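Look over the sequence and the model below. A short report on selected local features comes after them.

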Amino acid sequence: GSWMRLFFIASSVVVVHLAGQFLRRQALVHVELYHIILVVTAGFMLLVQSHHFVSLFVCLETVTIAFYVLAAYKRDSRFSLEAGLKYLVMGGLSSGILLFGITLLYGAASNPLLPGTATSPLAFADLAVFIESADEFYNNRSSWLVIFGAVLVLCGVAFKIGLVPFQIWIPDVYQGAPTPVTALLAVSSKAAGFVILYLLLDGPFASLETVTVPLLGTVAVLTLLFGNLAALGQRNVKRLIGLSGVSHAGILLMGLLASLSVDWALLAVFFYLVVYAIASLGVFGVMVHLSGQADEQQEFDDYDDLLKRNPFLGTVLLVSLGSLAGIPPLAGFVAKLLVFVAAFEAGLYIPLTAALFGVVISIYYYFGWMRAAVGHNAFLEKPISQVIEGPAFGGRVILLSLATASVVLGLYQGLFPF
């Protein structure tokens with residue numbers, strides 16, 4: 001809990017900086033954006049400490065409703081309004097599924113005909129006792145009501161993370177939302193979702209591993225394949241970062257499943273979350289400085305010859321993308337390696353094979369973006385602006401810190417006692 005609170009605070013500090021840079025180029029109100037980010041951060045910090053379905057649902061809805069506003073914050077853009085509407089529809093659907101699953105679990109645990117009824121069936125610990133209880137007449141672990149309720153709860157959480165088949169909202173929302181909001185969705189929201197997923201799998205649903213592990217293992221394989229294959233044809237960088245985030249969610253899910261049987265795997269997942277956040281925020285930091293009024297229409301061509309036009313931003317982008325791609329000796333390579341080793345020790349061979357296949361595919365689209373930043377496209381139709389406004393001193397410190405962290409954590413992981 002303490003580490004995750006620090007994670008959310010640090011991520012939000014960077015996002016607030018990105019919001020300041022973004023709002024300078026937009027005719028939008030400022031204070032409300034910062035206030036909503038503050039509410040979202042507090043919601044995340046409470047969410048990862050939830051051990052009761054009531055607190056889980058209230059905190060999750062607080063964060064989700066705030067994101068409805070944030071996604072549509074750029075009211076003069078049809079892309080942003082469309083992103084807010086789609087996130088509202090899909091978020092409402094996911095909340096309904098989650099609440100229906102909680103209701104089924106509550107109904108099963110509150111039925112006096114079932115033995116081992118918990119005193120407080122909505123608390124994680126008491127629900128775990130109820131599901132594990134069995135006698136010669138009834139086994140709660142084999143109850144279809146319990147299994148179906150647990151699966152619906154996991155589906156509701158999968159919506160928030162962006163796991164297949166619940167990832168359909170990600171490309172449009174990531175593209176249409178303001179870039180700082182996209183950064184908050186990609187980093188903090190994903191991290192909070194995986195913490196909740198772990199609390200459920202290691203808590204009330206621990207005795208249902210014969211159902212949840214194969215199911216989520218299949219979801220991890222599909223997520224890894226879809227995220228990487230769908231990103232291959234993307235040239236819009238915000239859609240690409242969203243779809244690549246789907247593939248990273250598949251790797252994180254694989255590591256989370258490994259943590260159920262491998263002790264140190266959970267620390268590897270946390271290390272992956274930290275590395276992914278650092279690299280992603282570095283990329284979004286560069287995106288903010290290249291965005292104009294048409295923030296949602298950034299393409300590879302806009303980054304053409306970036307390393308020459310602004311060496312500082314170009315270097316930060318290359319380091320961050322290299323870390324996301326898993327290029328040694330950057331931190332992303334070590335993070336993926338640790339999760340892969342944990343998956344191998346846990347016997348998750350099929351998801352591991354899909355992850356290795358996905359890493360190979362990801363090299364193509366990450367390197368396509370990096371190639372645009374390094375070289376000039378001779379067939380580019382629109383003219384290239386030779387001047388790019390670089391960040392001020394504070395922005396340089398933040399971006400340099402993110403890029404340096406991606407290098408240092410790739411060479412030294414002493415802060416994480418694996």
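The report covers a helix pair, a surface patch and some backbone details.

## Model and helix pair

This is a predicted model. Helix α1 spans residues 2–23, and helix α2 spans residues 31–47. Their axes come within 10 Å and cross at roughly 165 degrees. Angles over 145 degrees count as roughly antiparallel, so α1 is roughly antiparallel to α2. The crossing of α1 and α2 is right-handed.

## Nonpolar surface patch

Leu229, Leu232, Phe357 and Tyr364 make a nonpolar surface patch. The patch amounts to about 410 Å².

Tyr364 sits in helix α15, which covers residues 349–374. Tyr364 counts as exposed because its relative accessibility is 57%, and the cut-off for exposed is over 50%.

## Cis peptide bonds

Val164 and Pro165 are joined by a cis peptide bond, with omega about 5 degrees. Pro165 lies in the loop between α6 (144–161) and α7 (170–176).

The bond from Pro328 to Pro329 is also cis. Omega there is near 5 degrees. Pro329 belongs to the loop between α13 (311–325) and α14.

## Two further loop residues

Asp305 is not a glycine, yet its phi is positive, at about 60 degrees. Asp305 is placed in the loop between α11 (265–290) and α12 (306–309). With 15% relative accessibility, Asp305 counts as buried.

Gly347 is in the loop between α14 (331–345) and α15. Gly347 is partly exposed, at a relative accessible area of 32%. Gly347 and Arg141 are 206 residues apart in sequence. Their C-alpha atoms are 24 Å apart in space.

Terms used. Residues are numbered from 1 along each chain as its sequence is written. This is a predicted model: local features need pLDDT of at least 70, side-chain atom pairs count only at pLDDT 80 or more; totals for chains, interfaces and linings use all residues. Side-chain values use heavy atoms; hydrogens and water are left out. Patches are made of residues with over 30% relative accessible area and no salt bridge: like charges are joined within 9 Å, nonpolar side chains (Val, Leu, Ile, Met, Phe, Trp, Tyr) within 5 Å. Accessible areas come from the Shrake-Rupley method with a 1.4 Å probe; for residues, only the protein chains shown count as cover. A salt bridge is a side-chain nitrogen of Lys or Arg within 4 Å of a carboxyl oxygen of Asp or Glu. Helices (H or I, at least four residues) and strands (E, at least two) are DSSP runs, numbered from the N terminus. Buried means under 20% relative accessible area, exposed over 50%, partly exposed in between (1.4 Å probe, protein chains only). Axes are lines fitted to C-alpha atoms, for helices over the stretch in contact, and angles run from 0 to 180 degrees between N-to-C directions. Angles under 35 degrees count as roughly parallel, over 145 as roughly antiparallel, 65 to 115 as roughly perpendicular and the rest as oblique. A crossing is left-handed if the near helix is turned anticlockwise from the far one by less than a right angle, and right-handed if clockwise.
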